[in-house]
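Please keep the structure in view while reading.

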Amino acid sequence: MSLTQAAERTALYKLIDYVDESPETRIPKLMDTVDKYVPADVFPAQRAAFRHAIDSQSNWYQLMMRIFQLNPEIRRRLLKSFLVDANLLAWPVQEKAREKYQCNIPWAILLDPTSACNLRCTGCWAAEYGHALNLSYEDICSIIDQGRELGVHVYIYTGGEPLVRKDDLIRICEKYPDCSFLCFTNATLIDEAFCQEMIRVANFVPAISAEGNEHTTDARRGAGTYAKIERAMDLLREHDLPFGISACWTRANADAIATEENMDWMIEKGALFCWYFHFMPVGRAARAELMPTPEQRERMYRFVRRMRGEKPLFTMDFQNDGEYVGGCIAGGRRYLHINAAGDVEPCVFIHYANANIHEDSLLDALRSPLFMKYYQGQPFNTNHLRPCPMLENPDDLPRMVAQTGARCTDLVEQESPKELREKTAPAAAAWAPVAERLWNDPADPDHAKRGSWREGQAETDVTRLERVGRDLTTQAEPKL
C-alpha cells in the first residue's frame with residue numbers, strides 16, 4: 001500500500017468511527033457534506049434515495065440502524081474492511097488492472113474450500129461430490145494473495161459445506177484483516193465457540209441456506225434442518241453478529257419463499273440480507289422440472305421489488321435483478337468461481353473451464369479463452385431480465401465452450417453444453433415473452449432507465465465519486 005493509499009485509508013477509517021459514535025445524528029450531517037462537495041451529477045438517483053430514506057426514516061433507514069445495533073467491535077471493523085478496503089480503496093486498483101490487462105477483474109472471488117458436506121440437498125450437485133477434494137490452506141492464501149494484487153478484497157466460500165473447514169477459514173480471516181469473507185452455509189455447524197471466533201476476527205459473515213418454511217426447507221435439506229437453522233440464527237442474534245439468508249427458489253418452494261410471512265421471519269431472526277437464487281439444472285442428475293415456472297418467476301420479480309419498499313432487509317434476486325448490474329456478472333466481470341479441484345470457472349453454475357489454479361495464475365485464468373469470451377460478449381442480452389448465457393440465452397454457452405475448447409469441470413459426471421441446453425432451452429423460450437413484457441412495461445418504475453443504461457457511465461461515476469471522496473476525507477472531521 002502506498003503512502004497516499006495509507007493516508008486515504010486512515011482518513012476513511014476515522015470517518016467511519018465518527019459516524020459510528022452517533023449514527024442517528026451524524027449520518028444526516030455526512031449527507032449534507034456529500035451534497036455540498038460532490039457534483040450533483042454523480043449518482044444523483046442513489047443520493048436522492050439515500051436522502052429520502054434518512055428524512056422519511058423508511059425501511060432502508062431502519063436497516064441502517066439495525067446495522068448500527070450489531071456488536072460494536074464487529075460493526076466498526078467490518079464496516080472498515082468492507083466499505084473502505086474492499087470497495088472505496090479496492091475499486092481504483094481493479095479499474096487500473098482492467099485497463100492494463102484488457103480483461104475482466106472481479107469484485108469478489110467465490111471458492112470451494114472443500115467438496116465435503118454433512119447434508120444431501122435435493123438439486124445440489126455438491127451433494128454428489130464426496131469428501132475427497134479440498135483447497136488447502138496454502139491454496140486459499142495463494143488465491144487471496146493474487147486477488148489482492150488485482151484489488152480483490154471480497155472472498156465468498158461455497159461448497160460443499162465450508163464450515164467443515166471452520167478452523168482454516170478463521171485462520172484466513174485473521175491473516176487478511178483487510179478482506180471481507182462471506183460464507184454460504186447450512187448453519188448446522190455454527191455453535192458458541194464459532195460465534196466467539198467470529199467476534200474475534202470480525203470479518204466473517206454467514207449466509208444461511210433456508211428455503212421458506214419448515215416443510216419446504218426440510219423437504220430439500222433433510223428432516224430437522226430447519227430447527228438447526230433456527231438455533232444457529234438465535235445464537236448469532238444473541239451475540240449481535242451479522243448474517244443473512246441464501247434462498248434457492250425452485251418450482252416446489254417458490255410460492256412459500258415469496259411470502260411476507262417468510263420475509264418477516266428472516267427479519268425477526270436477525271438477518272440483514274437475503275440472496276435469492278433461481279434453481280439451475282446443473283449436472284446430469286439435476287431435474288429440469290425443479291425450475292420455477294414463468295408465472296412463479298414473475299411473481300418473485302414483483303414480490304421482491306414490493307418488499308424492498310416495505311421491509312428493513314437488503315434483498316438481491318440474482319436472476320431477476322440483472323438490470324441493476326448490467327446483466328451477467330460472471331466470467332470475472334464482478335465475480336468468478338474456483339471449485340475444490342482448483343478449476344477456475346466463470347460462474348458457480350457454469351461447470352466449464354480452460355484453467356486450473358494449481359497450474360495457472362489467477363490473472364492467466366481471467367485471460368483464458370472462455371473468460372475472454374465472457375469479456376467480449378457481456379451483456380449477453382440487452383434485456384437484463386434475460387442475463388445468463390445458460391439459462392435465458394441457452395445457445396450462447398455451447399457456442400463459447402465449443403469456440404474455446406473448455407472442458408467440463410463437473411466432479412461427478414461429465415455433462416456437455418448440449419445436454420445442459422436441452423434442459424434450459426424450454427424454460428428460456430417460456431420466459432422470453434414474459435421478460436420482454438416486463439422490460440418494456442411503461443408502468444414499471446424502472447422503465448425510464450432501461451435502454452439508456454450504460455455501464456461505462458456508471459463506472460465513470462464511481463471513479464469520480466471516489467476522487468471526490470478522497471478529497472472529502474482530508475477535511476471530513478472539521479466540516480462535519
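The following paragraphs go from the whole chain to single residues.

The model is predicted, so local features need pLDDT of at least 70, side-chain atom pairs count only at pLDDT 80 or more, and totals for chains, interfaces and linings use all residues. Residues are numbered from 1 along each chain as its sequence is written, and side-chain values use heavy atoms, with hydrogens and water left out.

**The chain as a whole**

The protein chain has 21 helices and 12 strands. These elements are DSSP runs numbered from the N terminus: helices are H or I runs of at least four residues, and strands are E runs of at least two. Of the chain's 480 residues, 59% count as buried. Buried means under 20% relative accessible area, exposed means over 50%, and partly exposed lies in between (1.4 Å probe, protein chains only). The protein chain exposes about 19900 Å², and carbon and sulfur atoms supply 53% of that area. Accessible areas come from the Shrake-Rupley method with a 1.4 Å probe; for residues, only the protein chains shown count as cover. Among the contacts with a separation of 6 or more, 75% are between residues 24 or more positions apart; a contact means heavy atoms within 4.5 Å.

**The nonpolar cores**

A nonpolar core is a set of buried Ala, Val, Leu, Ile, Met, Phe, Trp, Tyr and Cys residues joined through side-chain atoms within 4.5 Å. The largest one holds 72 residues, of which Phe181, Phe204 and Tyr276 touch the most other members. Helix 11 (residues 225-238) gives the most to this core, with six residues. Apart from this core lies another, of 43 residues, including Ala86, Leu370, Met390 and Met400. Not counting residues up to four places away in sequence, Phe181 touches several residues, among them Ile144, Tyr155, Tyr157 and Phe204.

**Salt bridges**

A search of the whole structure finds 37 salt bridges. A salt bridge is a side-chain nitrogen of Lys or Arg within 4 Å of a carboxyl oxygen of Asp or Glu.

| Pair | Closest N and O atoms |
|---|---|
| Glu197 and Arg200 | 3.0 Å |
| Arg299 and Asp255 | 3.3 Å |
| Glu413 and Arg284 | 3.8 Å |

Glu197 and Arg200 both lie in helix 9 (residues 192-201), three residues apart, about one turn of the helix. Glu197 is partly exposed, at 27% relative accessibility, and Arg200 is partly exposed at 37%.

Arg299 and Asp255 form a salt bridge. This pair links distant parts of the chain, with Arg299 in helix 14 (residues 294-308) and Asp255 in helix 12 (residues 254-257), 44 residues apart. Arg299 has a relative accessible area of 38% and is partly exposed; Asp255, with 42%, is also partly exposed.

Glu413 pairs with Arg284 in a salt bridge. Here too distant parts of the chain are linked: Glu413 is in the loop between strand 12 (407-408) and helix 19 (417-439), and Arg284 is in the loop between strand 6 (273-278) and helix 14, 129 residues apart.

Salt bridges that share partners join Asp20, Glu73, Arg75, Arg76 and Arg77 into one network. Asp20 is found in helix 1 (residues 3-21). Is Asp20 buried or exposed? Asp20 counts as buried because its relative accessible area is 8%.
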